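Subject: A structure for you to look at

Hello,

Here is the structure I promised to pass on. Have a look at it first, and then read my notes below.

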Amino acid sequence: MIKAIQNIFSIPELRRRILFTLGMLVVYRVGCHVPTPGVDAQVLAKFFEGTEGTLLGLVSAFTGGALERMTVFALGIMPYISASIILQLLAVVFEPVERLKNEGEQGRKTITKWTRYGTVFLSIIQGTGIAVGLQTMRGPAGELVVPDQGMGFILLTVITLTAGTAFIMWLGEQITERGIGNGISLIIFAGIVANMPSAVVNSIRLIITGALTPIVTLAVLVLMVAVIWAIVFMERGQRRLPIHYAKRVVGMRNYGGQTSHLPLKVNMSGVIPPIFASSIIMFPATVANLVDVTWVQTLASMMTPSHWLYNVFFVALIIFFCYFYTAVTFNPVDVADNVKKQGGYIPGIRPGKPTSEYIDMVLGRLTFAGAIYVSAVCVLPTILIGKFSLPFYFGGTSLLIVVGVGLDTASQIEAHLISRSYEGFMKGVTLKGRHG
């Protein structure tokens with residue numbers, strides 16, 4: 001491992017990418033502590049006390065505590081994710097957007113531009129809801145969270161929060177283009193990891209006060225290790241379809257006659273489904289927590305991670321996005337055509353349409369297994385740990401995102417090392433995938 005780290009910093013390009021990524025994440029963390037004007041931070045902190053196990057606590061965790069402190073990054077990256085979901089759905093059901101998607105680089109740039117506009121639009125809507133909600137919020141003793149209320153505060157808050165989200169979006173795009181890993185995922189990763197020290201301190205405090213017994217603490221630690229092991233095991237799992245290439249004679253040389261494989265991951269969509277599902281649930285729930293209406297508050301109380309209604313919606317959305325994102329990113333017809341053009345075939349399957357149907361069948365079964373695995377990891381640990389009143393950071397969704405993004409980023413770093421004839425992180429071990 002030490003030698004691998006030395007190799008990383010001995011490659012100028014990789015070193016620049018890693019340092020650039022770390023620099024952008026530092027900028028993001030600094031912005032998470034810049035307060036929004038006009039908000040009493042002390043009264044707001046009292047309002048957020050005890051939200052660790054609620055959906056509002058999850059929203060705050062995804063923003064790295066920016067929502068809890070109501071900083072300029074309080075909206076986080078969720079409006080961008082919501083806009084991306086809308087554009088990807090439109091690409092499936094709306095023909096003009098689908099044509100743009102198939103136009104290559106120019107179409108991708110147009111869709112990216114529309115996604116940015118959609119992010120600003122959603123940020124304005126969410127920012128308006130939060131600004132109006134802040135004016136109705138009061139502390140335990142009746143203190144106003146916003147002492148100087150009015151239209152001026154609403155406009156200033158909306159502009160501040162929208163600008164903050166636009167800046168986070170730019171940071172994520174810069175990390176993806178000039179850094180290492182997926183910028184948006186890394187920003188969410190940084191927000192969750194930033195809460196780790198306080199979560200550990202809170203856990204120790206519960207142990208000292210006797211709220212957590214040693215047996216329960218040990219059981220939770222074992223559960224966390226088991227979940228992390230399951231995530232690593234499943235994220236590296238692959239179904240490898242054998243591909244045989246027929247022999248060809250070109251001039252005086254023979255080509256082909258080789259055997260390769262087509263790797264299909266168990267979880268093709270990675271951490272995208274829980275992120276998308278969380279974004280969909282968070283949008284109405286965030287507004288509901290800030291609106292003082294009886295039936296809205298009742299609905300918001302039901303949308304907590306420990307309630308069955310929340311978990312039903314969450315699992316349904318995860319399964320939907322597992323299938324949806326896999327269908328968007330992997331086309332069996334194109335794969336089958338490429339295999340056919342290269343003179344390859346799957347043993348026992350005719351080239352062309354039968355091959356694409358076979359790949360689609362295998363992919364559908366793998367996606368179902370992956371969706372069940374992701375749903376179990378995101379829901380079951382959260383339900384069990386919620387019974388012990390632990391900090392929400394230890395929920396399955398947070399662990400899946402942290403471990404999944406970490407594996408993806410490490411795989412990209414390893415690819416840079418191997419392409420320059422270096423060993424990976426550990427001798428004889430790669431992060432590409434595990435045959436199963």
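A crossing is left-handed if the near helix is turned anticlockwise from the far one by less than a right angle, and right-handed if clockwise. Helices here are DSSP runs (H or I, at least four residues), numbered from the N terminus. By that rule, α12 passes α18 in a right-handed crossing.

This is a predicted model, where local features need pLDDT of at least 70, side-chain atom pairs count only at pLDDT 80 or more, and totals for chains, interfaces and linings use all residues. Residues are numbered from 1 along each chain as its sequence is written, and side-chain values use heavy atoms, leaving out hydrogens and water.

Back to that pair: α12 (residues 214–235) and α18 (residues 396–419) pack at about 45°, their axes 10 Å apart (axes are lines fitted to C-alpha atoms over the stretch in contact, with angles from 0 to 180 degrees between N-to-C directions). In α12, Val 227, Ile 228, Ile 231, Val 232 and Glu 235 meet Leu 399, Leu 400, Val 403 and Leu 407 of α18 (contact means heavy atoms within 4.5 Å).

α6 (residues 78–93) and α8 (residues 105–136) cross at roughly 130°, with axes that come within 8 Å. This crossing is right-handed as well. Among the α6 residues that meet α8 are Pro 79 and Tyr 80, and Trp 114 is one of those in α8.

Finally, α10 is mostly covered, with nine of its 12 residues buried (under 20% relative accessible area, 1.4 Å probe, protein chains only). Gly 183 and Ile 192 are among them.

Best wishes

Definitions and conventions
Helix = DSSP H or I, 4+ residues; strand = E, 2+ residues; numbered from the N terminus. Buried < 20%, exposed > 50% of the residue type's maximum accessible area, 1.4 Å probe, protein only.
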